[in-house]
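I wanted a plain record of what can be looked up in this structure. My entries follow in the order in which I made them.

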Amino acid sequence: MTDTSSNMASKPASRPVGLPGLIDDWSSDQRAFKGVGWRKSMMWIFLLSDTFIFSIFLLSYMTARMSTKVGWPNASEVFSLHIGNTNFPLLLIAIMTFVLISSSGTMVLAVNYGYRKDRKLTALMLIVTAVLGATFVGMQVFEWSKLISEGVRPWGNPMGAPQFGGIFFMITGFHGTHVSIGVIFLLVMAHKVWRGDYDIQSRGFFTSRKGEYECVEVMGLYWHFVDLVWVFIFAFFYLW
Amino acid sequence: MVGSHSSGNGAAVSDTGHQEHPLKEYFVVWGWLFILSACSYAIDFIGVQGYLRWTLILFFMTVKAGLIVAVFMHLKWERLSLSYAILLPPIAVLVFVAIMMIESDYTVLTRINFFSGV
């Protein structure tokens with residue numbers, strides 16, 4: 001039986017590149033994504049749909065903020081931290097940003113060591129990424145409880161426009177959920193890599209397809225997307 | 001280190017689609033992401049306001065997002081058929097943004113009018 005869903009795309013020796021390649025790929029009357037495995041193309045399509053979800057959250061935030069005549073709370077003050085006698089604006093958010101970027105860096109290393117079949121370093125980097133991700137979620141929990149203790153609720157807050165709370169909990173909560181799910185999957189993947197599943201190509205419990213180190217790259221795509229979303233949240237919600 | 005890609009013109013990487021690149025590029029991008037994040041934070045720390053603030057926020061955000069997508073997510077090494085399928089649809093979001101800006105402008109005017117009690 002011909003395995004049409006094979007991970008290896010059948011690829012002639014040379015394909016046109018650039019725009020002629022784009023037209024060639026899409027008009028080939030076959031799979032459009034040449035040389036891209038099913039895992040990766042499905043992850044990209046999922047990420048595209050997730051992009052729309054987060055876009056619509058940010059859009060509703062923009063609409064709420066632009067259409068209210070009550071002043072919007074100043075994020076710089078709301079999210080400031082007092083250390084000693086000094087007031088640092090957005091300090092916790094800045095640390096969270098750096099933690100998430102660091103985790104993206106370790107994820108990239110995991111993908112790279114994976115393709116080099118360095119089992120132990122890959123697993124180690126996945127675990128470091130998961131720990132940084134969990135740190136991020138932990139700081140978010142701290143931030144939520146701080147705001148809740150200051151009286152921020154989804155229906156109102158003492159600082160200004162009542163939509164602030166709802167938008168804040170919705171957007172950061174959805175992002176935090178993504179990070180948490182990512183941490184769980186990172187740990188599962190680290191376990192699989194450590195056990196050597198991708199070296200012996202053992203079949204996955206869910207897809208029953210042969211495991212390969214490409215799985216680590218696909219995991220990486222998800223993780224970098226979570227980082228990417230945070231870039232936008234940081235810019236629009238915290239800095240704007 | 002094995003750099004299996006030819007050059008950054010969207011050429012395919014290898015027959016198996018493996019994305020294996022020299023670590024140096026990753027470290028350079030990692031460093032830049034730190035620098036750009038620090039710059040974003042500095043906007044608020046220094047307290048830049050007005051159009052300069054919004055321009056800088058959007059600039060740093062776009063560069064950071066571009067670096068993550070292009071290098072960390074390997075999109076610059078993928079074939080254009082995939083890149084375009086991912087990068088073009090979000091343009092619809094920008095159209096939506098424009099529509100909602102007009103709409104919320106109208107809403108706030110209506111609210112001001114209504115609450116003024118005339």
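The model is a predicted one.

Entry, annotated spans. I looked up "transmembrane region" for chain A; UniProt, in an unreviewed entry, lists residues 44-64, 88-111, 123-144, 164-188 and 219-239. I checked two of these spans. Residues 44-64 of chain A are 100% helix and 0% strand, and their end C-alpha atoms are 30 Å apart. For residues 88-111 of chain A I found 88% helix and 4% strand, with 36 Å between the end C-alpha atoms.

Entry, fold of chain A. I counted seven helices and two strands in chain A. Read from the N terminus, the order is α-α-α-β-β-α-α-α-α. The box along the principal axes that holds the C-alpha atoms of chain A is roughly 65 × 40 × 30 Å. Of the 240 residues in chain A, 38% are buried. I also looked at contacts in chain A between residues at least 6 apart in sequence: 68% of them join residues at least 24 apart.

Entry, chains A and B. How many residues of chain B are in contact with chain A? I found 51, and they meet 51 residues of chain A. On the side of chain B that touches chain A, α1 (23-46), α2 (50-72), α3 (80-87) and α4 (91-115) of chain B each supply at least two residues. The largest share, 13 residues, is from α4(B). I sorted this side of chain B by class and got 31 nonpolar, 11 polar and nine charged residues.

Definitions and conventions: Residues are numbered from 1 along each chain as its sequence is written. Chains are lettered from A and ligands numbered from 1 in the order in which they are written. This is a predicted model: local features need pLDDT of at least 70, side-chain atom pairs count only at pLDDT 80 or more; totals for chains, interfaces and linings use all residues. UniProt positions are given in the numbering used here, feature names are shortened, and annotations may be inferred rather than shown by experiment. Two residues are in contact if their C-beta atoms, placed from the backbone, lie within 7 Å. Ala, Val, Leu, Ile, Met, Phe, Trp, Tyr, Cys and Pro count as nonpolar, Asp, Glu, Lys and Arg as charged, and the others, Gly among them, as polar. A residue is buried if 20 or more other C-beta atoms lie within 10 Å of its own, exposed if 12 or fewer, and partly exposed in between; C-beta atoms are placed from the backbone.
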